[in-house]
Amino acid sequence: MQPRKKRKSLLKDERIAALNHIGAALLSEHNEQQLLHMIAQTAVDLIGARFAAFSLRPINEQGELLVPSEGNMFHLAEVIGVTDEQRELFSRMPLGGEGLLAPIFRYGVPVRVADVSSLIVQRATAESSLEFEQLKGSAQSSAFAYAHGKISSEDLQSLGVPPGHPGIRSFLGAPLLDHAKQVRGGLLLGHPDPNRFQAEDEALLVGLASHAAVALDNVRLYQAMHARVQELDAIFHSITDGVTLVDPHCRIVRENTQAQRLRHQLEASPQGTSSLDVLLYGPARQALLGQAQQDRLVSLVNENHEPLEYRVTSSTLYQQLSPGDPTSKKQSIMGAVIIWHDETETRRMLRERHVYAETEARRSLLQHILDELPTSVYLVHGYDARLVLSNHAAKTLWGASWSQGQSMESFLQENRIQIFRTDGRLLPQEQLATLQAVRQSKSIYQHQEIIRHADGSSLPVLVNAIALDARKTPLNLPAASHGERDPVALVVHQDVSALKEAEYLKDDFIGIAAHELRTPLAALQGFIELFQLQLTEQQNVILTAGQQESLQNVDQATRRLVDLTNDLLDVTRLQAGRLELRQEAMDLVSLVKRVVRRYQMIEGRHELVLLNQAPFLIVFMDVMRIEQVLTNLISNAIKYSPDGGQICISLEEVSTTKQALLSIQDQGIGIPVSQQGRIFSRFTRADNAQANGIYGTGLGLYLSREFIERHGGSIWFQSSENKGTTFFVALPLIAHAFDEEADDSNEAQIIS
Ligand code: ATP
Ligand code: MG
């Protein structure tokens, strides 16, 4: 007996040592599944069981129990000593909360049974479910009685094992109790033979179960803590500020991603270590001395030499020297935290916002000023003159709203606005002052244009289109496709209606004056003619050469005055719309021939050449007015060619347009380019005409254009200073003679 006892006690010591050993091992295991296996396996090994099952009561992350302790809602966490099929079967099977397991699960007391078979209340004998319920109730009552020390385990009642369960005769089970002594699960052992488990086995299992409970709690806490650490780590690294922790020796202990990126950037920057010192080690050393720094602004440059600004905050990390004593103020410095907040972007955004606000304020002030201006002003950009901004007066001028970004062409088309020259002809697009300024980058001043609105009303304007240097225009305009800046032009329109109105008043006055002059002039002309007649008839009246010249001068001056008054009256009639044409179908060829011949009679210094390709050209015309035009054009050609020379008059039929085309070409002084645009205006004379002392009133061309246009024709010219001028007149034909053969066609007639 003795040696067996000794062996048994040694075994016991060994088992306690093993239990302690396993206790330490359990505490260091953080994987729950492995821990459960280790516990079950240990139970089997130490106690010599054949089977071990580990059931657990579900809990939440905080360790709170989720189901009642009846046991049938516990789950099988681990099982040892069964086949894979049995394991599979048990894991799907609810665990019973009555019979032998009830004291363990419900009341938290261990159960050791020498031979389960003697406790089985055969289910097969239960004939009805009611009877079975009664059996369960009785088993539960005996479990209650056992748990309260009223009966021994020999008096417990077992409901047997489920089908497929390995046969068990020896049974030992112990509860897993948490720190609040609540049942957390059960560790159940079995053996097919009876009497396998002794009291010390029970003590050992209870000990192992309590280790297991602590170890399981540890695992839960460890996992919760691990999850928390990961969360904190993710937060730490996602902070946009750089955060660095240093130890008391100013060595980096931890840094988040941003801090690491910044540190690497600084190391690569031109200032290298010195900038790291300013941004990191300096503030860290101060903090380690207990002198925390708040919001220190540091400026640096990065590797691309761009300015960077950081706000650095450093603080000291203290360690309580007596953690157990909350009243103790003893502490030591255990490190420092340095936070770098990148201000560069914030400042840049602030600056941009400020600049934007300022630009907007300026723009609105500019718009305000522009809107108050009585003159139309607008700014366009790009080859097709897209509107950037315009003022109120521009809207009034166009009689329509030009939307921002819309091209000039589309705006004009959309609103059926046309632009004419002062000579009444449609202004080709490329000659619009605005388009010239953007397309040719040249400034146009005092360009006369006539805006005709969709309702037919006309507005004479003077346009100044100033080409601006796009690079110096502080506007956010889109770049041109070729990468260069778009051309920009500032266009100012001056409405000259008021001036025109003044002109009409002047015309009125001139009309009255001219009318009043006609009677005395007629009398004067009559007396001169009478006097000249008397001189030729009365041979006895002899005038000296000087007297004769004076008389001729008076005659000439009177004729000029008559011409002038006639012209002035025509002007006023035209302005007042009182000029009537007496049109009839007439041959233009014979008219031109007659006028040319008349000039041939009086002209000696110029050679007049008539190139006529048509036998006759029938035009529906007021002969007197067309003759007036011819007279003015030929007299101009003669007048403005003071050095003489050839004057070539050509007449032809343009079959495509069904027009008669007349041209008068001279080799005279020409019209300076700068004055060509205004030459059809009233009283307009070129500087070179006046400089050459050539008389004239500047009415001839004005009247000519009016007369020609009223005939449905057009008049224009080409001129080059000191080389000569060609005037062209086109008149619509009412009949033409393609088939007529004339002897004198294609022949040059030289009349000199
Ligand atoms: P008038 O009213 O007597 O005709 P004018 O000849 O001066 O006077 P316009 O015939 O209207 O007036 O011509 C206007 C101006 O155009 C002229 O003063 C002159 O400067 C210029 N001009 C007209 N024809 C020619 C030409 N053939 N060569 C050069 N300059 C011309
Ligand atoms: Mg003239």
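This passage describes the overall form of a predicted model and then several of its local sites.

The secondary structure of the chain consists of 19 helices and 24 strands. With a radius of gyration of 60 Å, well over the 27 Å that the globule rule gives for 752 residues, the chain is more spread out than a compact globule. The C-alpha trace spans about 200 × 75 × 45 Å along its principal axes. Of the 752 residues, 43% are buried. Among the contacts with a separation of 6 or more, 62% are between residues 24 or more positions apart.

The side chains include 70 that are positive and 89 that are negative. The centres of these two sets of charges lie 9 Å apart.

M621 is part of strand β19, residues 618-621. Its relative accessibility is 0%, so M621 counts as buried, the cut-off being under 20%. Leaving out residues up to four places away in sequence, M621 touches R582, Q583, E584, M586, D587, L588, L591, I626 and H711. M621 and R710 are 89 residues apart along the chain, yet their C-alpha atoms are separated by 9.7 Å.

S663 lies in strand β21, which runs over residues 659-665. A relative accessibility of 11% places S663 among the buried residues. Apart from residues up to four places away in sequence, S663 touches C648, I649 and S650, as well as T726, F727 and F728.

R678 is found in the loop between α17 (673-676) and α18 (687-691). Its relative accessibility is 40%, and R678 therefore counts as partly exposed. When neighbours within four places in sequence are set aside, R678 is in contact with Q448 and T684. The C-alpha atoms of R678 and H447 are separated by 9.5 Å, although the two residues are 231 positions apart along the chain.

Positive phi values occur at two residues other than glycine, S441 and Q446. S441 has a phi near 50 degrees and is located in the loop between α12 (433-440) and β14 (444-452). At 53% relative accessibility, S441 counts as exposed, because the value is over 50%. Phi of Q446 is likewise near 50 degrees, but Q446 lies within strand β14. Q446 has a relative accessibility of 46% and so counts as partly exposed.

How values were computed: Residues numbered from 1 in each chain as written. Chains lettered and ligands numbered in written order. Predicted model: local features only at pLDDT ≥ 70, side-chain atom pairs only at ≥ 80, totals over all residues. Heavy atoms only, no water. Helix = DSSP H or I, 4+ residues; strand = E, 2+ residues; numbered from the N terminus. Rg over C-alpha atoms; globule rule 2.2 N^0.38 Å. Buried < 20%, exposed > 50% of the residue type's maximum accessible area, 1.4 Å probe, protein only. Contact = heavy atoms within 4.5 Å. Lys, Arg positive; Asp, Glu negative; His and termini not counted. Charge placed at Lys NZ, Arg CZ, Asp CG, Glu CD.
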